[in-house]
Amino acid sequence: MSVTLPQPRPGSFHIDETHLSAFKRIEEVLGSAQNLVLCAHTKPDGDALGSILGLAGILRHRFPGNNITCLLADDEAPSRTFSFLDIDTAMLQPSRYLNNMAGDSPAKNSDTSPSHLFPPPNVFIALDTPLLKRLGHAAKVARCAQEIVSFDHHVSSDPFANVALVDDKAPATGSLIAEFGLFLEEETGKEMVDEHVAQCLFMAVMTDTGRFQYQNTTAECLAQAAWLVERGANPAYLSSHIYQNEPLSILRLRALVTERIKLFCDGNLATSYATLQDFADLNVRTTDADGLVDVVRSVEGSHIALFLKEVDDGSVVRGNLRAKGDYDVASIAEAFGGGGHKAAAGFSAKGTIGEIEAKVVSLIEPLF
């Protein structure tokens, strides 16, 4: 049965011509591979998860005979915010894949029956990560691949992919995947972006633009979002699950973080934090606190927000930075070995919350 695909209207979402050569090369590489593995960065956010699941759906339409596996970067479950995605079914932990990879010596506790062996990847597709180390334990899987393909909107200081589409002007990696889906539709005349794919990619774009509030929300971004809604994305459903479905424990943690907000640099910098003791007292995982930087960002008059949380055994502090206007927080994160975008960046550093806060303040003071 033929499928009539909605065509982009004049002035609406379209393919960036500068991406065409990369799209063609990526299609060629993927088409010649039998076993594809997709993975994004550790502690995945909505863009990472939406990009993986959306691209997997597209590739199953385009290459129905290929083995397509979606991996988490490490064995830790993503934030409960995304529990509605049924991650346990859709994605594998890297340890399970590595322990049961055909051709390797499986661990003693592995299920090594033929039906549970995973083929070594011909192509590893890295999403939303500029550095190989940010693939966590899955980096070992990437090193087993014959080729690595990358889709990303972060510029890398140490490129690791054989073939890559990197555009730091894209609002999200998911927006590049949506564009790739449209490219494949125009190439084949077949549907690639169905309702499920559209839902995943809309989530990617919505979360990485802060519900279309951040500086990366452009006319093209909104046109793409409208196109995804035409394809079946449901903004109300996604919003209710991601932003309006928090357990009481998270709300209580949010209240603690709000109470602890401090201002520096004549009110231009707002900071707050959460400790391992807070997470234990409220029975909250550290990954469930990732969105709390937006609480700090909302302070009137502030231009930069810093949220710090203790992780691991408490000797490591994870920092999230957000900026309003034209301030560059990526350079601040890079001073700690992290990175990101001008308006949103992160890092991990050894030390106490007080020590890390003081260092960040000293780096930000010259900006004001």
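The structure is a predicted model, in which local features need pLDDT of at least 70, side-chain atom pairs count only at pLDDT 80 or more, and totals for chains, interfaces and linings use all residues. Residues are numbered from 1 along each chain as its sequence is written, and side-chain values use heavy atoms, with hydrogens and water left out.

With a relative accessible area of 31%, glutamate 76 is partly exposed; buried here means under 20% relative accessible area, exposed over 50%, and partly exposed in between (1.4 Å probe, protein chains only). Not counting residues up to four places away in sequence, glutamate 76 touches Lys43, Thr286 and Thr287, contact being defined as heavy atoms within 4.5 Å. Proline 94 is 18 residues from glutamate 76 along the chain, and the C-alpha atoms of the two are separated by 9.9 Å.

As for confidence, pLDDT is the predictor's confidence in each residue, from 0 to 100. The protein has a mean pLDDT of 91, and 94% of its residues reach 70 or more. Over residues 105–109, pLDDT stays under 50, and for this stretch the model has three contacts beyond four places in sequence.

The packing of two helices comes next. Helix α6 (residues 173–188) packs with helix α7 (residues 195–208) at an angle of about 145°, and their axes are 7 Å apart. Axes are lines fitted to C-alpha atoms, for helices over the stretch in contact, and angles run from 0 to 180 degrees between N-to-C directions. The crossing of α6 and α7 is left-handed, a term used if the near helix is turned anticlockwise from the far one by less than a right angle, with right-handed used if clockwise. On the α6 side, Gly174, Ser175, Ile177 and Ala178 meet Leu201, Ala204 and Val205 of α7. The residues of this contact divide into five nonpolar, two polar and no charged, where Ala, Val, Leu, Ile, Met, Phe, Trp, Tyr, Cys and Pro count as nonpolar, Asp, Glu, Lys and Arg as charged, and the others, Gly among them, as polar.

Isoleucine 242 is found in helix α9 (residues 235–242) and counts as buried at 8% relative accessibility. Leaving out residues up to four places away in sequence, isoleucine 242 touches Thr81, Phe82, Phe84, Met203, Met206 and Thr207. Serine 83 is 159 residues from isoleucine 242 in sequence, yet the two are 9.3 Å apart in space, C-alpha to C-alpha.

The loop between β3 (123–127) and α5 (139–144) holds aspartate 128, and proline 130 is found in the loop between β3 and α5 as well. Aspartate 128 has a phi near 60°, a positive value in a residue other than glycine, and at 1% relative accessibility it counts as buried. Proline 130, at 15% relative accessibility, also counts as buried. Beyond four places in sequence, proline 130 touches Asp152, His154, Val155, Ser156, Asp158 and Phe160. Between proline 130 and serine 157 there are 27 residues in sequence and 7.6 Å in space, C-alpha to C-alpha.

A positive phi of about 55° is found for aspartate 266, although it is not a glycine. Aspartate 266 lies in the loop between β6 (262–264) and β7 and, at 79% relative accessibility, counts as exposed. Strand β7 (residues 269–274) contains threonine 271, which is buried, with a relative accessible area of 0%. Its contacts, leaving aside neighbours within four places in sequence, are with Arg260, Ile261, Lys262, Phe264, Val296, Leu306 and Glu357. Threonine 271 and leucine 248 are 23 residues apart in sequence and 23 Å apart in space, C-alpha to C-alpha.

Finally, the cysteines. With a disulfide taken as a pair of cysteine sulfur atoms within 2.5 Å, the count comes to zero disulfides. Cysteine 39 is in no disulfide, the nearest cysteine sulfur being that of cysteine 70, 9.4 Å away. Cysteine 39 counts as buried at 0% relative accessibility, whereas cysteine 144 counts as partly exposed at 34%. The sulfur of cysteine 144 is too far for a bond, because the closest cysteine sulfur, in cysteine 39, is 13 Å away.

How values were computed
Helix = DSSP H or I, 4+ residues; strand = E, 2+ residues; numbered from the N terminus.
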